[in-house]
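The following report describes the fold content, the surface and the charged side-chain pairs of the structure shown below. Please read it alongside the sequence and the coordinates.

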Amino acid sequence: MRKLFAAVGAVLLATVAAVFAFGPSAHAAAGFTVSNGRLYDANGNEFIMRGVNHAHTWYPNQTSSFADVKALGANSVRVVLSSGDRWTRNSASDVSNVIQLCKANRLICVLEVHDTTGYGEQSGAVSLDRAVDYWLSIASALNGQEAYVIVNIGNEPYGNQNYSSYATDTANAIRRLRTGGLTHTIMVDAPNWGQDWSFTMRDSAPTVFSADPAGNTVFSVHMYGVFDTAAEISDYLGRFRSRGLPIVVGEFGHNHSDGNPDEDAILAYTQANGIGWLGWSWSGNSGGVEYLDMATNFNPNQLTSWGERLFNGTNGIRQTARQASVYDSIPPTTPPPSTPPPSTPPPSTPPPSTPPPSTPPPSAGCTATYSITGQWQGGFQGDVRVTAGSTAINGWTVRWTYANGQTVTQSWNTTISSSGSTVTARNVSYNGRLGAGASTNFGFLGSWNGTNSAPAVSCTAS
């Protein structure tokens, strides 16, 4: 997303397109694959993105956003990263942490390098080749995550000038990633600040797709002011569908400085035709486009009108999102702390003095087990496992009281409140219903000083 788009005045032209049929991908079954214009997860089930963009590189401490967008129904999140050329570089360890946050919240991670935005027009923007350098440098964080991660090479890689080499540069970037050993599904953005009003990506898409020896590339268009009518939206997306080429709307909004996109038509057409999308953006916009925030100050309880529309409106996330099937049989995992105390990082394994799990007697409808999974000077990571009793439950509330002044500072997969030393944790929308004997987990970070004993916990079912 460009914070202030250059004005563009393009008119979509009707052309006759040849039909291309692409067979099943040669990509290994360990990850996402593309076949005949559709995206399939590692289980072979079609996956249609219904998610949001999150500006992680500018707001690295907003790690609760992953749980927040999941609680609102999203199945995917496009994460803004930096190669270090224009903003602070996201290290391999930070990217690993982002991926774990996605997995813990059962989200598919679309990772993108933002430093390419507006290359050829925007001062300081870098080339796709430079973005590939970054991806290969953090390959250790990506390898083995093919079932959960899609690599979006570079955001809006060309502005409205000097984009004639788009097809060649994009094809070469794909080849370099494959030669470098990345087997993930690759996503490529359009030029013209992502909006492709020149139809450069649209018309060169078969050539770019054929450059991928794995046949595992997805195209992404960003729909802002250029796409202000239903006819323009259906014409553009329909041409990819008719040629068997995979397309997603990687960004879009309800308004913009360059015009007023038809968000209702975008949502209706993509739903009717099985096309994925990722709205821009969760929170933190500036430069005159603050109206694109979905949540005020990253607070999921303060959705803006745009957030309400995207999450709760017709053809929005709550109505249409389906979780990737790779998560259906995998219990939630607990993400690591995103930023441990800089002076004393947490050990990789809990120290010998870590208290053992505390398991209270069973309650009527559910039980809860509190564990300390990591501890360092002044801080710790906790995990609570909630288990339904002999009958199914529709929700749960877990409570405990700290005896040694501990406090909870961050949590995921739950909504936590504190009153003095008493902590109350409640289920979120996607983990409250548990069958008889079924379990779910939530995690949190806390602070301590002197003693960090595990409290007794109680669980109440509803």
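The protein has 10 helices and 18 strands, where helices (H or I, at least four residues) and strands (E, at least two) are DSSP runs numbered from the N terminus. The model is a predicted one, in which local features need pLDDT of at least 70 and side-chain atom pairs count only at pLDDT 80 or more, while totals for chains, interfaces and linings use all residues. Residues are numbered from 1 along each chain as its sequence is written, and side-chain values use heavy atoms, with hydrogens and water left out.

Of the 462 residues, 57% count as buried; buried means under 20% relative accessible area, exposed over 50%, and partly exposed in between, with a 1.4 Å probe and protein chains only. The accessible surface of the protein comes to about 17,100 Å², and 50% of this area belongs to carbon and sulfur atoms, the areas being computed by the Shrake-Rupley method with a 1.4 Å probe. Among contacts in the protein with a separation of 6 or more, 75% are accounted for by residues 24 or more positions apart, a contact meaning heavy atoms within 4.5 Å.

Salt bridges, defined as a side-chain nitrogen of Lys or Arg within 4 Å of a carboxyl oxygen of Asp or Glu, number 12 by this rule. The table lists three of them.

| Salt bridge | N to O distance |
|---|---|
| R78 and D189 | 3.2 Å |
| R78 and E251 | 2.9 Å |
| R239 and D235 | 2.9 Å |

R78 takes part in a salt bridge with D189. Because R78 lies in strand 4 (residues 76-81) and D189 in strand 7 (residues 186-189), this pair ties together parts that are 111 residues apart in sequence. The side chain of R78 also meets that of E251 in a salt bridge, and this pair links distant parts of the chain, with R78 in strand 4 and E251 in strand 9 (residues 247-252), 173 residues apart. R78 and D189 are both buried, and E251 is buried as well.

The pair R239 and D235 has another setting: the two residues are four residues apart in helix 7 (residues 230-242), and are therefore separated by about one helical turn. R239 is buried, with a relative accessible area of 8%, whereas D235, at 24% relative accessibility, counts as partly exposed. Elsewhere, salt bridges that share partners join D85, D129, R130, D133 and R176 into one network.
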